[in-house]
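Subject: The structure for you to look at

Hi there,

Here is the structure I promised to pass on. Please open it alongside this email, and my notes follow below.

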Amino acid sequence: MEHRPAARDRRAAGSPRVHRFRDSLALSESFVDADWWLPLYRRAFPTMVSAVAVREDGWAQRGGIDRLLTLSCGRTYTVDEKVRMHDWPDVLLERWSDEARRVPGWIQKPLAADFIGYAYAPAGMCLLLPVVPLQRAWRQHGRKWIDLYGTRSAQNPGYVSVGVPVPRHVLMQAIVEAMMIN
């Protein structure tokens with residue numbers, strides 16, 4: 001796998017971006033019914049018979065489950081949906097949800113979801129990332145990725161979250177390799 005330092009983009013320059021949880025939650029909820037989710041899921045799962053949004057706070061939401069997909073055979077899959085507002089060439093892996101308190105972000109903490117549905121809203125495109133191999137790839141390469149690609153901090157009222165922008169092709173190759181067990 002080839003690793004090259006990513007060029008720093010405008011996200012790293014200037015003052016840190018301020019995020020407000022309520023604003024982010026409202027934005028996230030506005031995409032629950034986006035017209036591109038269901039066609040994307042139907043392409044990924046041709047026998048899908050339902051895609052139910054998990055909107056209520058509870059164990060599923062806290063475990064990272066935003067949608068429950070059911071196939072015609074009865075098999076279910078759970079998806080944690082992430083939406084980016086720009087078509088960045090990377091996947092921003094949330095390392096710390098709260099850096100000062102060392103609260104793990106979604107790349108490091110146990111998730112109940114089967115997949116991360118990582119969508120780029122302007123393109124209506126989604127990476128369907130299998131959680132177990134994704135998190136194994138992070139354990140195998142995370143430190144190297146931090147050194148190569150740096151981190152991005154988001155100032156929230158009372159805490160700072162930190163992510164690592166890993167180029168899509170690098171992440172996808174690492175996931176494939178993470179599925180090979182010796």
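Residues 24 or more positions apart account for 61% of the contacts in the chain, taking those with a separation of 6 or more. Please keep in mind that this is a predicted model. The chain holds five helices and 10 strands. Of its 182 residues, 40% are buried. The accessible surface comes to about 10500 Å², and carbon and sulfur atoms supply 54% of that.

Now to the charged pairs. How many salt bridges does a search of the whole structure find? The search turns up four, and I will go through some of them here.

One of them joins the side chains of R67 and E81, at 2.5 Å from N to O. R67 belongs to strand β3 (residues 67-71) and E81 to strand β4 (residues 76-84), so this pair ties together parts that are 14 residues apart in sequence. Are these two side chains buried or exposed? R67 has a relative accessibility of 4%, and therefore counts as buried. E81 has 10%, so it counts as buried too. The cut-off behind both calls is that buried means under 20% relative accessible area.

Another salt bridge links the side chains of D90 and R84, with 2.7 Å from N to O. D90 and R84 are both buried.

R101 and D98 also meet through their side chains in a salt bridge, at 2.4 Å from N to O.

Finally, a word on the surface. Which residues form a nonpolar patch there? They are V176, M179 and M180, and together they have about 290 Å² of accessible area. M179 sits in the segment after α5, the helix that spans 168-178. With a relative accessibility of 48%, M179 counts as partly exposed, because that label covers values between the buried limit of 20% and the exposed limit of 50%.

Happy browsing, and do write back with any questions!

Best wishes

Conventions. Residues are numbered from 1 along each chain as its sequence is written. This is a predicted model: local features need pLDDT of at least 70, side-chain atom pairs count only at pLDDT 80 or more; totals for chains, interfaces and linings use all residues. Side-chain values use heavy atoms; hydrogens and water are left out. Helices (H or I, at least four residues) and strands (E, at least two) are DSSP runs, numbered from the N terminus. Buried means under 20% relative accessible area, exposed over 50%, partly exposed in between (1.4 Å probe, protein chains only). Contact means heavy atoms within 4.5 Å. Accessible areas come from the Shrake-Rupley method with a 1.4 Å probe; for residues, only the protein chains shown count as cover. Patches are made of residues with over 30% relative accessible area and no salt bridge: like charges are joined within 9 Å, nonpolar side chains (Val, Leu, Ile, Met, Phe, Trp, Tyr) within 5 Å.
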